[in-house]
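The structure is shown first.

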Amino acid sequence: MAENVIGTDISPPDLRAKITGRARYAEDFRADGMVFAKLLLSPMPHARVLNVDTSAAERMEGVLGILRADELPVQSEGTREGALTDEPKYEGEPILAVAAVDETTAAAAVEAIRVDLEPLPFVLDPLESLREGGPDAHVGGNMAGRGELGSLKWPASVFEEAGADRLPMGEAPAEWAIGDIEAGFAEADVVVEESIVHQSVTHHPMEPRSCMAYWQNGKLFLHGSTQSTERTRGSVARMAGVEPDDVVFIGEYCGGGFGSKISGSPIMAVPAVLSRKIGRPVMLRITRYEENYIGRARAGFQGWAKIGFRADGRMTALDLYLVQDSGPYGASDFFTAGTVATASYQPENMRFRGVAILTNTPPRSAQRAPGGAQIVAMLEPLVDKAARELDIDRLEIRKLNAPDSDGWLGPQQGPFTSAYVREALDLGGELFGWEEKKQLSGQRNGTKVTGVGMGLSPFTAGSTGRDGLLVIRPDGKLYVHQGIGNLGTHSIADTARPAADVLDLSWDQVVIVWGDTSKHLPFSTVQAGSQTTHAHTRANHAAATAMVGLLQELAARELGGSPSSYRVADGRVFRAGNRAAGMSFAEAARVAMEMGGKFSGGEVPEDLNDATKAAVAGLAGEGLIAAARDNYERAGAVYTWVATFAQVELDVETGEVEIIDLASTTDCGTVMHPRSLAAQTNGGVFQGIGMAKGQRWVFDPKWGIPFTKRFYTARPPGILDVPLSPRFAAVDKADPYTPVGAKGIGEPPVGAGEAAYVCAVADAMGGQCLCRTPLTADMILAELEGRPRPYGLLDTHV
Amino acid sequence: MAVIRDMIPPFELFQPAGVDDAVRLMREHGDKGWVLAGGLDTFDWFKDRIKRPEAVIDLGGVDELKGIAVADDGGLEIGAMTSLTDIAENGDVRSGYPLLADAAGLVATPQIRNQGTLGGNIVQDTRCWYYRSGWPCYRAGGNICYAATPRSMNREHCIMGASRCVAVNPSDTAPALIALDAEMVVASTSGERTYTAEDFFIGPDIDIMRMTVLEPGDLLTRIVLPAPWSGARWYFEKIRDRKAWDFSLVSVASMVNVEGGMIQDARIVVNGVAPCPVRATAAERAVRGRAPDDETGQAAGEIAVRGARALRHNDYKIALMRNLVKRSIRDAA
């Protein structure tokens, strides 16, 4: 019998190539006659292009063509973003692109272009735009709503009433409630209330979104860096103005995305359209500087929360108000934030109000737990504050309010498929040694004070209804066709493992096919929302189950007997109790090719997605082919929870914080791949800590221009900023509504790490929460020394 | 004309094999030439196409600028092209001048220390992000300081020594070398000159477009350290936002001579607070004859920040400088 591979460590098939440098990323590809493009970026945060003089550039030797915004199939309009624009809405937005024989020439040509711009009013701070007469990010509006540009202004009285130390809260376009918020507060014994700022922060994946495109016989070939593969094709097709069938997308490796490269990036339109225009393959290498602008960012919040608790620690009321900085083209983080809060605390009564305002800062997109990480980091310190007032242990108060499998989610109060949150918290308390460590709280050693804290972070972790596609070829191996992308998480390999287990096949007989839409890939989830592990363990489980059925039927037809009398294991299909009476997978593949029909892709289940049907048609006749849709039951929202515990030392003379110990636990269902799971969790925790501790996105407010355009100024955390041996454990309890039991893990660790850090720092400060991220040494020191705060309470982009 | 970044424009490359050739080339090309050491400062400028020299004189092949040698008087002579890693790990530096070894070892990252040189670390340009972004400020030959307006983002800027420009010196080794009373040897086609480390750095009041005494044609060739203070205590600390690849918010370097439990002499230097490293001479005087304890340190810190004036966002630097000066006395070992 082959060993069950689920739950064991493996080396994913791409590992060796990555470590040895053989892995080819988008900018490593070359094509015959390939030329290079460079972008001309807007020098102003909001302007109108009046005139462009390209004559000097066009006269330069080696310049092959210039692409303008009006030549693109998808053009910037309202809150729709095009790859190029004649009305740039942030400093750094691409206006045009130049193709030349080499980059040096292309750059010189960009410099030789004269662009006359009419500066337009701009805004960086949503609150400024909400004031009457305040600037708007777009001509004629400051709000995105259902594709339409809207406008919202609050009367001066709203700001006067709030004063300088409280979030102004005027009319909110988004609002929902559960129960009666006022009744909830009336029932509360302790009420905490704070205004809180969570910064916007860029993604800065290691690999910028470089892309290369060429056309052959009317088909577009595009090499890019994305999280998804099969689902990228459609977005590239839209950008190029062709049908998805006329696009081949290639992206085998992705040097990080974090939500910024879910499917196609708008900028992919540039090489796609420019290469068609000039008739040459075009490579657009995106630099770190450009990535800062076009590489997406997390939406920041200026928020306010008021939370009521009964003496027993139960949350009776959660009143939440969020003002979101949506960038120029919108974001939906704020809405998710309200929902995620319910998954942490199950408040008896709740009111959510939110307003999303457009600003002239680079575009937002999902960033690892969009809305979730922010709200967790904003609310968890307030829960601590209440716990202190109520004299309830901080771990206990979280357990008290956390959902179990009968819990509910969001304004509709729908069910979860499973929630083993208390188990995760208990496990974390043990792993970290919470009972002992909390005794260290406030202990002083020289100039250093110890603080301990924790963060509990839920996020969505699965979807259903995707397709699996498996082929047994005449070489006897199982080919798992993966429409999902290889975004660096190992999910490309891990989600194939149920197929091996269902077929009782040893892992070295499994070949994963991925990264190129010409390889016949099935319909998949976009790799976002931590859906992949859940969705594609199910889809591959379904396809493998179908494959078992096909093998049994094929063997019965060929060798006699009933299909149910056959077993499948170790690369053979054989009669139960007699391994010799059967055939190998290699033989089965050959028989399938002879039999044709449903055995080799001639007939497919009707409920498959069209993309999968096309993939099967492309493979037909090449072996024994099984494709199936995930029709397994789903009975609620699929959520994962991560709890992170942190111990820090705060130097009261410098404001510096050192993280001494970190421990994280999770309820993410069945553990597929322990080493990879720990890496994903710890990596997310570090990313969250970076957001809390010092990664920044600073703009000059007068000119609307960012300064944190490089790694050294943006300061994402380094390995020395976190303990070398963070600890990790998983509850490892199967989600009952999926055959494999696994849920996603990508996103919830971020909020957990971020919240654990801010809570631990507040603990070291005697329970005082500064209620903002990033929480840098200068802010902490100013507070400890009683000096003027470096920034206003609601200031953003600092 | 449009601006484009992250793309180094072409230049003519010269690779001299000796100091004589180097300074001759430097004179020949004047302000159209650029001296390349480790390249960490240089390539940022080049990539952004803000500094666009016609000729680049690469010192990488000048072997006489590399190495650490013990001098006759027991001091050390360090070639300007010696890597920061070599300085941080060299036995003579570690035993006689641990202050310098520590400062060099806290620069950026291991990769940058392997590539970066002591000379480059000393003469590097300021990291003021307005200036580095190519804004036409005083230091860039313009007539405004963008970092000193009421709305500027100036958390990293100076609290003293400003003169129109409010940028700070970013070097980690500079305060250590001043505390150690090092000398800087400068060559040009007209011969060699020597400056004390303290005099080597200049503020905008002297020349707003330079950070050091070096003028076009001048080459920092070596750094001379006097014989170690026997039994002296020392202290170096760099406060930064993250633990690798970061410049200091404020740093402090001190040498403290203690006999019979009392401070005989001290040199205290703070960087990150002014356009050039600041020697806290009044604090040095104030600690003489006192015990190196918290109280003396506190007094020294208070004296050191006298006259400091915060910009919009950097008031914390006053407290941080005061506390670091305190630590540089109290915690020197």
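How many Å apart do the C-alpha centres of domain 1 of chain A and domain 3 of chain A lie? In this predicted model, local features need pLDDT of at least 70 and side-chain atom pairs count only at pLDDT 80 or more, while totals for chains, interfaces and linings use all residues. Residues are numbered from 1 along each chain as its sequence is written, with chains lettered from A and ligands numbered from 1 in the order in which they are written.

The two centres lie 38 Å apart. Domain bounds come from an automatic or database domain assignment, which gives domain 1 (18–120 + 211–284), domain 2 (368–462 + 636–785) and domain 3 (465–629) in chain A. Contact (C-beta atoms, placed from the backbone, within 7 Å) joins 19 residues of domain 1 of chain A to 19 residues of domain 3 of chain A. On the domain 1 side, helix H7 (230–240) and strand E13 (247–250) of chain A each supply at least two residues.

Two helix pairs are set out below; axes are lines fitted to C-alpha atoms over the stretch in contact, and angles run from 0 to 180 degrees between N-to-C directions.

| Helix pair | Axes | Angle |
|---|---|---|
| H7(A) and H8(A) | 9 Å apart | about 50 degrees |
| H17(A) and H18(A) | within 11 Å | roughly 75 degrees |

H17(A) is therefore roughly perpendicular (65 to 115 degrees) to H18(A). Their contact involves Leu551(A), Leu554(A) and Glu558(A) of H17(A) and Ala588(A), Val591(A), Ala592(A) and Met595(A) of H18(A).

In the other pair, Val236(A), Met239(A) and Ala240(A) of H7(A) meet Ala269(A), Ala272(A) and Val273(A) of H8(A).

Key:
Helices (H or I, at least four residues) and strands (E, at least two) are DSSP runs, numbered from the N terminus. Angles under 35 degrees count as roughly parallel, over 145 as roughly antiparallel, 65 to 115 as roughly perpendicular and the rest as oblique. Two residues are in contact if their C-beta atoms, placed from the backbone, lie within 7 Å.
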